[in-house]
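This report walks through the architecture of one protein model. Please keep the sequence and the 3D view at hand while reading.

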Amino acid sequence: MALNLRQRQTECFTRMLNLNQPVNATGTANEEVYKILIFDKFCQNILSPLIHVKDLRKHGVTLYFLIDKDRKPVHDVPAVYFVQPNQTNIQRIIADASRSLYDSFHLNFSSSIPRPLLEDLASGTLNSDSIHRILKVHDQYLEFVSLEDNLFSLAQKSSYVQLNDPSAGDREIEEIIEKIVGGLFCVLATLAVVPIIRCPRGGPAEMVASALDQRLRDHLLSKNNLFTEGGNFVSSFQRPILCIFDRNFELSVGIQHDFRYRPLVHDILGLKLNRLSVQGEKGGMKSYELDSSDPFWVTNGSLEFPEVALEIENQLNKYKRDVDEVNKRTGGTGGTEFDGTDLIGNTKHLMNAVNSLPELTERKQVIDKHTNIATVLLGEIKDRSLDSYAKKEDEMMVRGGIDRNELLGVLRGKGSKIDKLRFAIIYLISSETINQAEVEAVEAALRESEVETSAFQYVKKIKSLNVSLASANSSSRSNIVDWAEKLYGQSLNAVTAGVKNLLSNDRQLALTRTVDAMMEGKPNPEVDSFLVFDPRAPKSSSGTGSSHLKGPFKEAIVFMIGGGNYVEYGSLQELSQQQQPIKHVIYGSTEILTGAEFVDQLALLGQKMGLGGAPTASSSTN
């Protein structure tokens, strides 16, 4: 059975609503037992893409509240809590129990509750004589957001900044790594698999891989561990591979403009938790959901925008033909709107028409939704020349540069400030060497457009470090490395290590190419230097060597530290579909970021290092 993270997470949540009893054959909790659901903001975001409010009713949930809201007592009803295990929530639960807000309390924590908090909960409810109300306490290991069947986010904000902050101490870095490991452990516990872990050497990827390996080893030693179901048939059960990367492995993808539908909708219209709001045709804002229940989104998300526009038109024409067909059969007027008023044909045709009504109505709603979204996108594309940005950035990455007049033409042309900044940064990343005069001209053009340049300065600084690293002899190189490591924490991870490596001729992302090589499991110079961790193997054999790497792997989980995006997700899904037989790839990251959000994090790092600054300050070019 293919790993389906979203389905597994939904099953766990349904069981939770069924007061952690097995769920009936229909897959719903016992609706006879009415209950109240209490969650915190973080867990609300976990639930939001998984289950619609209307579906909560099916599971017997009559009321739901945020934990920090003032609530009135509801007697004779159990309350299901789904919250993060932190001090604030524990104190609130103790207060709710001591006030006897609900008949009984079923507590579900999104990850494992630390012992000190559990003791606080016990002593707090004992002191208020309400411990009898706490019926169950469960660790649910659900601290991640499943956006699609093969896409998840740990919803951990700004990890790129935190991991690359030059002022961050070892303790702070360890805490962030620990948090990421905790989130990944939840994903693996929900899937009930112990993967083979691979990652590049050095930087956050190795730190996370090594700590996760240790966490899994420690957990596998306990008797009732979460992975026992997979443990009994390890030999016949082919384990997945978990490939862990750091955003610096391929920095450009987080910044580039893309012209495919799914990345465009996310990047330009701000898709969040599978929802977005756009200007409606008749004014006012319209809110839409875009997830696996929308057939058009699933089928056409990876197409270039013009193809999507064409597909909307095709579907509209097909819809009109089908409506005409129904009207003809039932003696209708042949109009294109099917409103049900002209149904006076014979009974058989009438029945068929009635049966096709809901399907036609639903199709029309989907067409209208995507027509509206595409219209808004088209407006943005025209206003900002987004097609030109995507095309020219692509060419720069492939050719390793751009003609100076063309470069400055784009920076002085259409587009928002952030579009121009992203373009300028891609120019930096794509150039083999830094041409000082050209860079100064770019900075002048950015200042003309009043663009804040600290993100540009930050990437320039890293770029110059990499260049000096390449040209320095070995003795001075170690000095540069020492200095750079002190200054940039982990960020020296070959941000621009040979742009040719970033993109091969067929325009496949380096990430996708590397994952493909690792799934094949054959010797390959591109990935042979990657570390291997197998939490089920004796400790000595982990870390290097690949004797126990039984490729090819049918399933992979790819995790990006420091922010992922829909471009990488789409690229990996294409890879899995192209394979024969079809392989299965799940993609996740610490958070899903738009190009603008990621550039904001680069800018913050630039400011922390005293680079860039206000667009008017001429000194910022030095």
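Is helix α21 (residues 510-520) largely enclosed by the rest of the structure or largely open, and why? Nine of its 11 residues are buried, so helix α21 is largely enclosed by the rest of the structure. Buried means under 20% relative accessible area, exposed over 50% and partly exposed in between, with a 1.4 Å probe and protein chains only.

## Basis of the model

This is a predicted model: local features need pLDDT of at least 70, side-chain atom pairs count only at pLDDT 80 or more, and totals for chains, interfaces and linings use all residues. Residues are numbered from 1 along each chain as its sequence is written, and side-chain values use heavy atoms, with hydrogens and water left out.

## Overall make-up

The protein chain has 23 helices and 14 strands. Helices (H or I, at least four residues) and strands (E, at least two) are DSSP runs, numbered from the N terminus. Of the 622 residues, 52% count as buried.

Contact means heavy atoms within 4.5 Å. Among contacts between residues at least 6 apart in sequence, 78% join residues at least 24 apart.

## The enclosed helix

The buried residues of α21 are Ala510, Leu511, Thr512, Arg513, Thr514, Val515, Ala517, Met518 and Met519.

## A seven-stranded sheet

Seven strands build an open sheet with mixed pairing, in the order β6-β7-β14-β13-β9-β8-β12. β6 (145-148) and β12 (531-533) stand at the edges with a single partner strand each, so one side of each has no neighbour in the sheet. Neighbouring strands are turned by 20° against each other on average, direction ignored. Two strands pair if DSSP finds at least two bridges between them. Strands β8 (residues 196-199) and β9 (residues 241-246) run parallel and are joined by three bridges. Isoleucine 196 has isoleucine 241 in β9 as its bridge partner.

Helix α1 (residues 5-17) packs on the sheet. It touches β6, β7 (151-153) and β14 (584-589), and its direction makes about 130° with that of β6. Helix α22 (residues 566-578) lies across β6, β7, β13 (555-561) and β14, running at about 170° to β14. Axes are lines fitted to C-alpha atoms, for helices over the stretch in contact, and angles run from 0 to 180 degrees between N-to-C directions.

## Aromatic pairs

The structure holds 18 aromatic pairs. Rings of Phe, Tyr and Trp (its six-membered ring) pair if their centres lie within 6.5 Å; planes under 30 degrees apart count as stacked, over 60 as edge-to-face and the rest as tilted. Tyrosine 81 and phenylalanine 105 are stacked, because their ring centres are 5.4 Å apart and their planes at 20°. Tyrosine 81 lies in strand β3 (residues 74-83) and phenylalanine 105 in strand β4 (residues 102-109), 24 residues apart. Both are buried. With Tyr102 they form one aromatic cluster.

Tyrosine 261 and tryptophan 297 are edge-to-face, at 5.7 Å centre to centre and 65° between the planes. Tyrosine 261 belongs to helix α10 (residues 261-269) and tryptophan 297 to helix α11 (residues 295-300), so the pair ties together parts 36 residues apart in sequence. Tyrosine 261 is buried at 0% relative accessibility, and tryptophan 297 at 1%.

## Charge over ring

The charged end of arginine 215 sits over the ring of phenylalanine 185, 4.2 Å from its centre. Arginine 262 lies over the face of tryptophan 297, at 5.7 Å from the ring centre. The test asks for NZ of Lys or CZ of Arg within 6 Å of the ring centre and within 35 degrees of the ring normal.

## Nonpolar cores

A nonpolar core is a set of buried Ala, Val, Leu, Ile, Met, Phe, Trp, Tyr and Cys residues joined through side-chain atoms within 4.5 Å. The largest has 76 residues; Leu37, Phe245, Tyr261, Val265, Leu276, Ile373 and Leu377 have the most contacts inside it. Helix α13 (residues 347-384) gives the most to this core, with eight residues.

Valine 265 touches Gly270, Leu271, Leu276, Leu290, Trp297, Ile373 and Leu377, not counting residues up to four places away in sequence.
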